[in-house]
Amino acid sequence: MLESSMEKAFINGDNTGMTATDTQKNTVYVVAQRMNKRCTMEEYAIALAQHFVKQYPLVSKCKVYVEQKPWVRLQQNGTPHNHGYSVSGTETRTAYVTCDKAGKLDVTAGVLGLQVLKTTEAGYVGFIRDQYTALPEVKDRILATSITSTWRYATLPSDYNAAYATAKQAVLDAFFGPAQGGVYSPSVQYTLWEAGKLMLQRVPQAESVFFNAPNIHFLPCTPIGSAFKDDVYIATSEPHGNIECTITRGSAPPHVPMSKL
């Protein structure tokens, strides 16, 4: 937020000397690109605040508030992944159990809000293009989502903690691939299919796997007066796709996800 001598804009409708909010928005990306090395959020906020008070004569103070999402580099079998990240520790483990008078148990386990991102090895091409399509085809993009998954057990595991850890790791392995090189994703849909197959393979007690995975967009940004250099992206909450699927073992019936009960 800028503090400036702009009383005249309120009293007289005179905008002379005002720093427009559009200018402020664009400057956020320009200053980000000008940082000559990886910096902390505090260093970036300082650079941004100093820019505004130095650049615009009527600005007496600039107040900058920054939040940092805790993306951390993924470790695959103890090796740092070369393009994979997750918001570690923010996901929620879930369980849904029913028991009837006859003592029949149904157990469904799951994970809620497993946030994952990879900076390359993803694309999206071949979709219908018509007069309503603005999305360009790309063979290299950031792929990010917040995965919610549930899986129903046909037989009960002897160790629920181990079964959960194995199921979660299957999702991460399908999404990221090996630490060196990763695995290519042509779409979220394909990656969910691969994750479901891998989970059923590794967790033999599971018979049905459900996924919900919204697109989390990071759009390439071209700062004013510069060019996109694979360095500045805009995190946006604009309307996005929400992909769901259920993968079952053989002829097992698909289970109803807890969100739809």
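Guide: The second largest pocket has a volume of about 670 Å³. This is a predicted model, so local features need pLDDT of at least 70 and side-chain atom pairs pLDDT 80 or more, while totals for chains, interfaces and linings use all residues. Residues are numbered from 1 along each chain as its sequence is written, and side-chain values use heavy atoms, without hydrogens and water.

A pocket here is an open set of points on a 1 Å grid over the protein atoms alone, where a 1.4 Å probe fits, with protein on both sides within 12 Å along at least five of seven lines; lining residues have an atom within 4 Å of a point. Its volume is the space filled by probe spheres set on the points, which are joined across faces, edges and corners.

In the second largest pocket, 26 residues form the lining, and Leu135, Val138, Arg141, Ile142 and His217 lie nearest the centre. By class, 16 of the lining residues are nonpolar, six polar and four charged (Ala, Val, Leu, Ile, Met, Phe, Trp, Tyr, Cys and Pro count as nonpolar, Asp, Glu, Lys and Arg as charged, and the others, Gly among them, as polar). Strand E7 (143-153), helix H5 (188-202) and E9 each give at least two residues to this lining, and E9 contributes the most, four residues. These elements are DSSP runs numbered from the N terminus: helices (H or I) of at least four residues, strands (E) of at least two.

Let us follow E7 for a moment. Ser146 lies in this strand and counts as buried because its relative accessibility is 19% (buried means under 20% relative accessible area, exposed over 50%, partly exposed in between, with a 1.4 Å probe and protein chains only). Beyond its neighbours within four places in sequence, Ser146 is in contact with Gly113, Leu114, Gln115, Asn212, Ala213, Pro214 and Ile216, contact meaning heavy atoms within 4.5 Å.

In the loop between E6 and E7 sits Glu121, whose phi is near 60°, positive although the residue is not glycine. Most residues other than glycine have a negative phi. At 26% relative accessibility, Glu121 counts as partly exposed.

The largest pocket has a volume of about 2000 Å³, and 42 residues line it, with Ala32, Gln68, Trp71, Asp231 and Tyr233 nearest its centre. The elements that give two or more residues to this lining include E9, H2 and H3. H2 provides the largest share, six residues. The lining of the largest pocket holds 25 nonpolar, eight polar and nine charged residues.

Now for H2 itself. Its buried residues are Asn26, Thr27, Tyr29, Val30, Val31 and Gln33, and they pack against H3 and E10. In H3, the buried residues are Tyr44, Ala45, Leu48, Ala49, His51 and Phe52. Viewed down the axis of H3, these fall within an arc of 155°, so they line one face of the helix; the arc is taken from the directions from the helix axis to the C-beta atoms. The face of H3 turned away from its buried side carries the exposed residues Glu42 and Lys54.
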